[in-house]
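User: I would like to learn how to read a fold from its coordinates. Please take one feature at a time, with the general idea before the case.
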Amino acid sequence: MIRKIRRIFWGVAVLVVAGCGAPPPPPEAGDVARLAIEIGALGPGVDPAEARRAAKVAYEYSHQLALEYQITDPPIIHNTKVNMGLKPRGLCWHWARDIETRLKQENFQTLDLHRAVANSDNAFRLEHSTAVISRRGDTFAEGIVLDPWRKGGTLTWVATRDDRWYNWEPRNEVVARQLERKHGQIVTVTKDQRIVMGQSEFKAQ
């Protein structure tokens with residue numbers, strides 16, 4: 001029986017390690033154009049040029065990250081390889097942080113960037129992180145999810161409220177709730193999105 005379990009374990013391990021495919025294809029102009037239209041339609045005041053630039057950066061940088069992360073597998077298998085030290089990066093929060101950081105470098109005047117988390121309290125589903133883009137001054141719930149993780153490096157985008165796969169919450173609120181459970185103290189998210197517990201300030205990934 002023990003030998004059988006070992007064979008199964010090593011068989012799964014070999015599949016995880018050896019499983020490989022091709023990296024995702026580069027973005028197509030039509031995909032970028034459709035996202036630009038949706039970003040531009042987030043509301044009055046969104047600069048069409050910024051919408052086009054945001055869409056182009058989101059798609060092209062997602063593809064660049066897929067190559068840097070060495071994406072050749074479905075997301076869960078890639079996660080396993082990252083956790084085993086076989087691939088450099090590519091967990092969902094890596095994607096979310098890197099996409100958010102890159103888009104913020106554009107210094108948009110009519111758009112905002114947010115971070116969101118889903119399944120933080122669901123023991124049966126993997127916690128998931130994403131970046132969200134919205135019109136300047138709007139909340140993440142009024143924006144568009146930018147998620148390259150779920151399709152293995154190919155950008156998925158959808159209005160936050162229309163995402164059938166995930167029920168998103170603001171990232172900092174989720175982190176504050178987790179810190180309260182861990183430390184048994186009140187944790188506050190300030191208006192400028194700082195996470196504060198007593199005299200200590202926490203920075204979320």
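User: Is Tyr69 buried or exposed in this model?

Analyst: The model is a predicted one. Burial is read from relative accessible area, and under 20% counts as buried. Tyr69 has a relative accessible area of 1%, so Tyr69 is buried. Trp95 is also buried, at 2% relative accessibility.

User: How many aromatic pairs are there, and how should I read them?

Analyst: Look at the distance between ring centres and the angle between planes; over 60 degrees counts as edge-to-face. The count comes to 2 aromatic pairs. Tyr69 and Trp95 form an edge-to-face pair, with 4.6 Å centre to centre and 80 degrees between the planes. This pair links distant parts of the chain: Tyr69 is in the loop between H3 and helix H4 (75-83), and Trp95 is in helix H5, 26 residues apart. Tyr166 and Trp168 form a tilted pair, at 5.1 Å centre to centre with 40 degrees between the planes. Tyr166 and Trp168 are both buried.

User: Which strands form the sheet, and in what order?

Analyst: In general, strands of a sheet pair through backbone hydrogen bonds, either parallel or antiparallel. Here 5 strands form an open sheet in the order E4-E3-E2-E1-E5, with antiparallel pairing. E4 and strand E5 (168-170) are the edge strands, each pairing on one side only. On average, neighbouring strands of this sheet are turned by 35 degrees against each other, direction ignored.

User: Which residues stand opposite each other across the strands?

Analyst: Take E3 as the reference strand. E2 and E3 run antiparallel and are joined by 3 bridges, with Val132 opposite Val145 in E3. On the other pairing, E3 meets strand E4 (residues 156-159) in the antiparallel sense over 4 bridges, and Val145 stands opposite Val158 in E4.

User: Which way do the side chains of E3 point?

Analyst: Ile144 and Leu146 point one way, while Val145 and Asp147 point the other way. All of these residues are buried.

User: Which residues touch the most other members of the largest nonpolar core?

Analyst: The general idea is that in soluble globular proteins, nonpolar side chains tend to be buried together. The largest nonpolar core has 38 residues, and Leu35, Ile39, Leu111, Ile133 and Leu146 touch the most other members. At least two residues each come from helix H2 (29-40), helix H3 (48-68), helix H5 (92-104), strand E1 (111-118), strand E2 (128-135) and strand E3 (144-147). H3 gives the most, with 9 residues. Another core, of 6 residues, lies apart from this one and includes Ala176, Leu179, Val187 and Met197.

User: Where does H3 lie relative to the strands?

Analyst: H3 lies across E1, E2, E3 and E4, and runs at about 40 degrees to E1. For a residue-level view, take Leu111: among its contacts beyond four places in sequence are Glu50, Ala51, Ala54 and Ile133.

User: What polar contact does the side chain of Thr110 make?

Analyst: The Thr110 side chain makes a polar contact with the side chain of Glu50, at 2.6 Å. Thr110 lies in the loop between H5 and E1. Its relative accessible area is 16%, so Thr110 is buried. Beyond four places in sequence, Thr110 touches several residues, including Gly45, Val46, Asp47 and Glu50.

Methods
Residues numbered from 1 in each chain as written. Predicted model: local features only at pLDDT ≥ 70, side-chain atom pairs only at ≥ 80, totals over all residues. Heavy atoms only, no water. Core = buried A, V, L, I, M, F, W, Y, C linked by side-chain atoms within 4.5 Å. Buried < 20%, exposed > 50% of the residue type's maximum accessible area, 1.4 Å probe, protein only. Contact = heavy atoms within 4.5 Å. Pairing = 2+ DSSP bridges. Polar contact = N/O pair within 3.5 Å; in protein donor to acceptor, adjacent residues only side chain to side chain. Phe/Tyr/Trp six-rings, centres within 6.5 Å; stacked < 30°, edge-to-face > 60°. Axes fitted to C-alpha atoms, helices over the stretch in contact; angles between N-to-C directions.
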